[in-house]
Every structure is written in structure tokens, then in C-alpha cells.
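Subject: Handing over the structure

Dear colleague,

I am passing this structure on to you, and below it I have written down what was found. Please keep the view open while you read.

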Amino acid sequence: MSALAPRFKKLIRQDVQSMHAYAVQESAGMVKLDAMENPHRLPAALQAHLGQRLGALALNRYPDGRVNDLRRALADYAQMPEGFDIMLGNGSDELISLLAMACDVEGGSILAPLPGFVMYGMSAQLQGLKFIGVPLTADFELDEAAMLTAIAEHQPSIIYLAYPNNPTANLWDDAVIEKIIAAAPGLVVLDEAYQPFSSKSYIDRLAGHSHVLLMRTLSKFGLAGVRLGYMMGPKALIAEIDKVRPPYNISVLNYECALFALEHRDVFAGQAQDLVAQRAMLFEALAAMHGVKAWKSDANMILIRVPDASKTFEGMKARGVLVKNVSKMHVLLANCLRLTVGTADENTQMLAALRESL
Ligand code: PMP
């Protein structure tokens with residue numbers, strides 16, 4: 001890469017210049033198990049049907065009121081409670097950025113347990129907000145005392161709880177969540193990106209709270225390529241946050257694909273069910289593998305610890321299997337790899353590559 005000319009060095013923010021861009025691994029031709037995508041494509045008949053629908057769209061026009069059809073369809077799908085509203089983002093990544101922008105108050109901060117999803121910290125940093133990362137316990141549970149102390153000390157504007165968490169794939173203790181919500185001086189966001197594979201959701205408990213938002217995405221559902229995230233919260237709060245959303249952030253193609261997917265939600269539910277079954281088989285195989293420690297998962301990924309993560313990661317890659325080496329993300333993740341649950345075939349290849357690369 002060529003060096004940045006001196007006159008641009010003064011132009012681009014110093015903190016941005018010292019950042020690393022969000023890394024997307026090269027994956028052409030590999031068994032791709034690094035990003036928690038749904039490995040199943042749309043059945044061929046539905047692909048043809050969707051193609052016709054997209055072909056008939058008026059791409060010369062800006063997105064129109066049909067985006068509200070999608071908001072209603074998602075609210076219905078998620079069983080959003082009365083008095084709540086829903087806003088859409090270009091993936092939940094965009095919603096995380098917009099939320100930081102909307103809550104950029106003097107001295108504000110964002111708090112989340114670590115290890116966790118990197119965008120929480122990145123959104124804070126880009127907005128010039130402080131990020132408070134509170135380490136989980138060694139077995140990846142919320143450290144109740146540490147969380148409550150950090151909340152009391154920093155009075156964060158936003159607390160993120162990914163439910164289940166990425167990359168540890170577990171849910172949190174309900175009683176601890178309630179204590180965090182009760183102690184929060186600002187907003188609490190339950191990020192349910194992995195809801196299609198989870199045994200629990202916070203949606204039924206939303207109605208009792210005026211400062212809790214629930215974020216979801218269609219990415220893990222099976223539309224990672226479409227980019228569609230949504231966030232539900234009390235109406236008045238969503239109305240304010242929605243003001244920072246760029247106009248037309250959801251393209252005509254995005255909302256039509258998302259509406260189509262919701263009309264065929266049973267197909268996606270079937271795929272999720274298959275992945276949950278695959279996860280159980282994968283977990284059993286991993287738990288029985290000598291030298292591997294695997295953690296129980298409520299998502300479409302399994303976190304494992306191996307004797308030497310770099311060696312195993314590279315060995316798997318050389319055998320055509322791409323997973324995520326998360327061992328440098330946080331001290332608690334030393335020698336950990338994150339494996340996305342794939343199809344039966346992919347999982348078999350992955351297990352063979354893992355076994356040979358330990
Ligand atoms: N939240 C969590 C916890 C995630 O792990 C991810 C992506 N891996 C996201 C949000 C972002 O999802 P999206 O594709 O909707 O931007």
C-alpha cells in the first residue's frame with residue numbers, strides 16, 4: 001500500500017490513522033467457517049422467484065414507503081410489544097454506529113463485557129466516546145460485581161449485552177441482566193444477532209422497561225449479504241435515535257429481499273433448525289477430541305481452546321478450512337478459535353482439518 005501524502009496526514013484524524021480497518025479474511029475456494037454465516041442458500045425455486053421480483057423493481061427511484069412494510073413485517077415477526085417502535089439499519093453494524101452518534105454527549109461512554117463484539121468499542125472510538133470493557137469471568141460469565149462497579153463509576157450512556165455473546169456463544173444469567181438494567185443510568189442494548197439459534201430471547205421482557213433496546217439482524221438468519229439490521233425500543237426513544245439515520249439507508253434491493261425472506265420464514269427456520277442439530281453433533285465431536293476444550297453454544301458458532309491456536313489455525317487454512325483465530329482478541333481467549341457451524345459436509349471437513357492440525 002502506498003504511504004499517505006503528508007498533506008492528508010493532517011487531514012485524517014490521528015486516531016483513525018492509528019486504527020486497523022475491520023479485517024475480512026480472504027476466503028475464495030475455502031470451507032468458510034469464520035463469520036457465522038448461514039451456509040445454506042435459498043432453494044433454487046425461491047432464487048428464481050426472488051430474481052423475478054428484484055428484476056421488476058424501479059431502481060431509478062429512491063426507496064419508498066415499502067420500507068415501512070418491512071418495518072411492520074419485522075415487528076410482527078419479532079412480536080414487538082405495544083408502545084415500541086422499530087428502526088432499520090444497513091446491518092446491525094450501522095445501528096451500533098448510529099446509536100453512538102445519537103448518544104454522543106459530553107463525557108459519555110459505552111460499556112460492554114469483554115471479550116465481545118468489536119463494533120461496540122469501535123463505534124465508541126470513532127465517535128470520540130470512552131469505551132469501558134469489563135472482563136468476563138474465566139468461564140465467560142458476566143462478572144456481576146465488576147459490571148456493577150464499572151456502571152456506578154463510569155455512568156455509561158450505553159451498555160451492550162450480546163445475548164448470546166460473540167465469540168463466547170453463551171447467554172447471560174437472567175438475574176445479572178436484570179441487575180445491570182436496574183443499575184444502568186442510560187440505555188441497555190440487548191444484541192440478539194444470534195437469536196435464530198438461541199434457546200432464549202429478551203423480547204418477552206422488553207415491555208417492562210423504558211430504557212432497554214433490542215437489536216437483531218437478518219445476517220445470521222440467512223441474509224448476511226443483504227445487510228439488514230433492526231432495533232426495537234420505546235417509541236419516543238426510537239424516534240430520537242432514528243433522526244441520525246442517513247436517508248434511504250435501506251436500499252430497494254435490501255428491503256425487497258428481506259420482505260421476501262420473511263414471506264418464506266419457514267425455509268429459514270428449517271435451516272436454523274438444521275444448524276442447531278449440526279451444532280449438537282459438532283459439540284459432541286469437539287468435546288471428545290483430545291486436546292480440545294469446547295464451550296457450550298447458543299449461537300451458530302462454537303468457541304474452542306487448543307494447545308497452539310496459531311499452528312492449528314494455519315494448519316486448518318492449509319487444508320482449505322477457514323475459521324477465526326480469536327486468540328489475540330483478549331487474554332481470556334488465549335489459544336481460542338471460533339468455529340462457525342456449517343453444513344454436515346463442511347463440519348466433517350472442518351473436524352478432519354482440526355484433528356490433523358492440533
Ligand atoms: N452483533 C453481534 C453480536 C455480532 O456478532 C455481529 C456480527 N458478527 C453483529 C452484531 C453485526 O451484524 P450485522 O451483519 O447485522 O451487521
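A residue is called buried if 20 or more other C-beta atoms lie within 10 Å of its own, exposed if 12 or fewer do, and partly exposed in between, with the C-beta atoms placed from the backbone. Helices (H or I, at least four residues) and strands (E, at least two) are DSSP runs, numbered from the N terminus. Please bear in mind that this is a predicted model, in which local features need pLDDT of at least 70 and side-chain atom pairs count only at pLDDT 80 or more, while totals for chains, interfaces and linings use all residues. Residues are numbered from 1 along each chain as its sequence is written.

In H11, the buried residues are Asn254, Tyr255, Glu256, Cys257, Ala258 and Ala261. They are covered by elements that include helix H3 (44-55), helix H4 (66-78), helix H9 (219-223) and helix H12 (265-287).

Next come the domains, whose bounds are taken from an automatic or database domain assignment. This assignment gives domain 1 (6-43 + 266-357) and domain 2 (58-263), and their C-alpha centres lie 23 Å apart. Counting two residues as in contact if their C-beta atoms, placed from the backbone, lie within 7 Å, 25 residues of domain 1 are in contact with 23 residues of domain 2. On the side of domain 1 that touches domain 2, H12 and strand E10 (301-305) each supply at least two residues, and H12 gives the most, with five.

Finally, some backbone details deserve a look. Most residues other than glycine have a negative phi, and most peptide bonds are trans. A cis peptide bond, with omega about 0 degrees, joins leucine 114 and proline 115, and proline 115 is found in the loop between strand E3 (109-114) and helix H6 (118-127). The bond from tyrosine 163 to proline 164 is also cis, with omega near 0 degrees. Phenylalanine 140 has a positive phi, near 65 degrees, and is buried, with 20 other C-beta atoms within 10 Å. Asparagine 335 has a positive phi as well, near 60 degrees, but counts as partly exposed, with 17 C-beta neighbours inside 10 Å.

With best wishes
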